[in-house]
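Me: I have a chain open here and want to go through it with you. Can we start with the overall fold and then look at details?

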Amino acid sequence: MSAQIRIVRDTSLSPAEAWLRLTDWERHGDVVPLTRITVTTPPPTAAGTVFVARTGTTGRLGFDDPMEVVVWQPPRRCRLEKRGRFVTGWAEFEVRALGGGGGSRVEWREELAVRWVPRAADPVLRIAGRWMFGRAVDGLLRNGG
C-alpha cells in the first residue's frame with residue numbers, strides 16, 4: 001500500500017522562520033496526535049540526522065517510525081527517508097519566498113506506505129494522510145516559538 005500526498009500552504013512567515021519551524025523535529029510531536037519525536041543523532045541537523053516518531057500509547061500499542069534526513073538544503077529543501085518496519089516511504093518539503101509582500105509558500109510531499117495493508121486501502125490512506133500532515137504543517141507554521 002502506498003499513497004502520494006501533497007500539501008501546499010502560504011504563510012506570512014519568512015522562508016527562514018518557516019524552515020526553522022518545520023525542522024524543529026521534536027515539535028512535530030506537538031502537532032501529530034499520540035506522537036513523540038526523539039532525535040537519536042547529535043545536533044546540528046544535517047544529512048544523516050536520524051529521529052524516531054513513536055506513535056501510539058505506551059507499551060505495545062504503538063509503533064516506531066524511524067526517519068533519516070537524506071537531503072538538507074536550508075532554508076529551501078529537506079527530504080526524509082522513512083525506515084520503519086511498519087511505515088516506509090519518504091517525506092520532502094520545500095520553502096520558497098512569495099513575491100510581493102513577503103511571506104513564504106511551503107510545499108510538503110509524502111509517499112507513505114504501510115506494510116501488510118492492501119492497495120485497495122490506498123484512497124483511505126491518502127485522505128487520512130492529507131488530513132494528518134496538513135494539520136501538522138498548519139500547526140507548525142502557526143504555533144512556532
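Predicted model: local features only at pLDDT ≥ 70, side-chain atom pairs only at ≥ 80, totals over all residues.

Me: How many helices and strands are in the chain?
Reply: The chain has three helices and seven strands. Helices (H or I, at least four residues) and strands (E, at least two) are DSSP runs, numbered from the N terminus. Along the sequence the pattern is β-α-α-β-β-β-β-β-β-α.

Me: And what share of the residues is buried?
Reply: Buried residues are 43% of the 145 in the chain. Buried means under 20% relative accessible area, exposed over 50%, and partly exposed in between (1.4 Å probe, protein chains only).

Me: OK, helix 3. What is its reach from first C-alpha to last?
Reply: Helix 3, residues 122-142, has 21 residues and reaches 29 Å, close to the 30 Å expected at 1.5 Å a residue. The expected span is 1.5 Å times one less than the number of residues.

Me: Which of its residues are buried?
Reply: Among them are L125, G129, F133, A136 and L140. The cover over the buried residues of helix 3 includes strand 1 (2-11), helix 1 (15-22), helix 2 (25-31) and strand 7 (104-114).

Me: New topic: R79. Buried or exposed?
Reply: R79 is buried, with a relative accessible area of 19%. R79 sits in strand 5, residues 77-83.

Me: What does R79 touch?
Reply: Leaving out residues up to four places away in sequence, R79 touches E68, V69, V70, V71, W90, A91 and E92. Contact means heavy atoms within 4.5 Å.

Me: Where are the cis peptide bonds you flagged?
Reply: One runs from P43 to P44, with omega near 0°, and P44 lies in the loop between strand 2 (35-39) and strand 3 (50-56). Another runs from P74 to P75, with omega near -5°. P75 is in the loop between strand 4 (62-73) and strand 5. For background, most peptide bonds are trans, and most residues other than glycine have a negative phi.

Me: What is phi of L34, then?
Reply: Phi of L34 is near 55°, a positive value in a residue other than glycine. L34 is in the loop between helix 2 and strand 2, and L34 is exposed, with a relative accessible area of 59%.

Definitions and conventions. Residues numbered from 1 in each chain as written. Heavy atoms only, no water.
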